[in-house]
Every structure is written in C-alpha cells, then in structure tokens.
Amino acid sequence: MLMTAYDIGPDGQLGTADDGTFGAAKGNIGAITVGGNMSSTSIAAGISPGPGLQFGDADDSVVVSSSLQGAIQSLTVKGTLTGLPGSTASFGVEAHGTLGALKVGSITKTRPWPSFGNLVIKDGIA
Ligand SMILES: [Ca+2]
C-alpha cells in the first residue's frame, strides 16, 4: 500500500479515531513505474480507506480539501495489473485529484478508467 495526503494521527495506526487530527497532511504522488506485475496493491492520494481499511470499495472517502492535493502523476505497470483473484478483498488506485496517465503492459488506458478484477481505478473523487 502506498498512501499520501493521509494523516494516521498520533497513535500511528491506520483507520483509528485519531486519523486526520494531527495536522494537515498533504501530498501528491509522482510517476510510478512497476517493472513487472502489480497485484494486491493499493495506491491512494488524499483518500482514506474507511473503516474497513480496504481501498476500492464504497466506504472510501476524501481526506484533503483542495483538488491540488492528492494527485497521482502517472502509473505504468510493465506487466499485468490485478487485485487478488478469488478474494473478496478490494484494492484501488485512487486519487482525490487526477490520475495523469495509466499504462498497463503496452496499452495506454483512457477514461473511463477500467477495473482490473477487484482493483478499481478512480480519480477526481470528491
Ligand atoms: Ca474502503
């Protein structure tokens, strides 16, 4: 899991009551390149996984206030991109701002972003 623009709070634990109370966490994610396959992984910019601690499902929420925060410049996965086949878990590549570009294998993906099994791609989450 890679997260930015999220404040886990003084207890250092993700998904507990003090999340977001420690200060204004801000941040964007630059260009990410995965040289092989990417699976069972979430990348989030300015998004909380919610009480269930999983990205890509209905309880995800925004934790930053400006659209200039929580962007992902690009994601390039040179191999395959998958969630976790056969699992009820969910995964997400999610941004409050924009995901600038997505390329999987040799194919440049375009909006609307496709899903990859139980891994969803979302940006502009309000
Ligand atoms: Ca969630």
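Colleague: In which loop is Leu53 found?
Modeller: This is a predicted model. In it, strand β5 covers 47–48 and strand β6 covers 61–62. Leu53 is found in the loop between β5 and β6.

Colleague: What is the phi of Leu53?
Modeller: Leu53 is a residue other than glycine, and its phi is positive. The value is near 60 degrees.

Colleague: What is the phi of Ser40, and where is Ser40 found?
Modeller: Ser40 is found in the loop between β3 (38–39) and β4 (43–45). Ser40 is partly exposed, because 14 other C-beta atoms lie within 10 Å. Its phi is again a positive value in a residue other than glycine. That phi is near 50 degrees.

Colleague: Which residues is Val62 in contact with, leaving aside its neighbours within four places in sequence?
Modeller: Val62 is found in strand β6. With 17 other C-beta atoms within 10 Å, Val62 is partly exposed. Leaving aside neighbours within four places in sequence, its contacts are Gly46, Ile47, His96, Ile125 and Ala126.

Colleague: How many Å apart in space are Val62 and Gly97, C-alpha to C-alpha?
Modeller: In sequence, Val62 and Gly97 are 35 residues apart. In space, C-alpha to C-alpha, the distance between Val62 and Gly97 is 10.0 Å.

Colleague: Which strands stand at the edges of the open sheet with mixed pairing?
Modeller: That sheet has 4 strands in the order β2-β7-β10-β11. A strand with a single partner has one side left without a neighbour in the sheet, so the edge strands are β2 (29–34) and β11 (107–109).

Colleague: Which residue in β10 is the bridge partner of Leu75?
Modeller: Strand β7 (residues 72–77) and strand β10 (residues 102–104) run parallel and are joined by 3 bridges. Within this pair, Thr76 stands opposite Lys103. The bridge partner of Leu75 is Leu102.

Colleague: Which residue in β7 stands opposite Ala31?
Modeller: β2 and β7 pair in the parallel sense over 5 bridges. Opposite Ala31 stands Ser74.

Colleague: Which strands stand at the edges of the open sheet with parallel pairing?
Modeller: This sheet also consists of 4 strands, in the order β1-β4-β9-β12. Its edge strands each have a single partner strand, so one side of each lacks a neighbour in the sheet; they are β1 (2–4) and β12.

Colleague: Which residue in β9 is the bridge partner of Ala44?
Modeller: β4 and strand β9 (residues 91–95) run parallel, and 3 bridges join them. Ala44 has as its bridge partner Glu94.

Colleague: What is omega for the cis peptide bond that joins Arg111 and Pro112?
Modeller: Pro112 lies in the loop between β11 and β12 (119–122). The bond joining Arg111 and Pro112 is cis. Its omega is about -5 degrees.

Note on methods: Residues numbered from 1 in each chain as written. Predicted model: local features only at pLDDT ≥ 70, side-chain atom pairs only at ≥ 80, totals over all residues. Pairing = 2+ DSSP bridges. Helix = DSSP H or I, 4+ residues; strand = E, 2+ residues; numbered from the N terminus. Buried ≥ 20, exposed ≤ 12 C-beta atoms within 10 Å, placed from the backbone. Contact = placed C-beta atoms within 7 Å.
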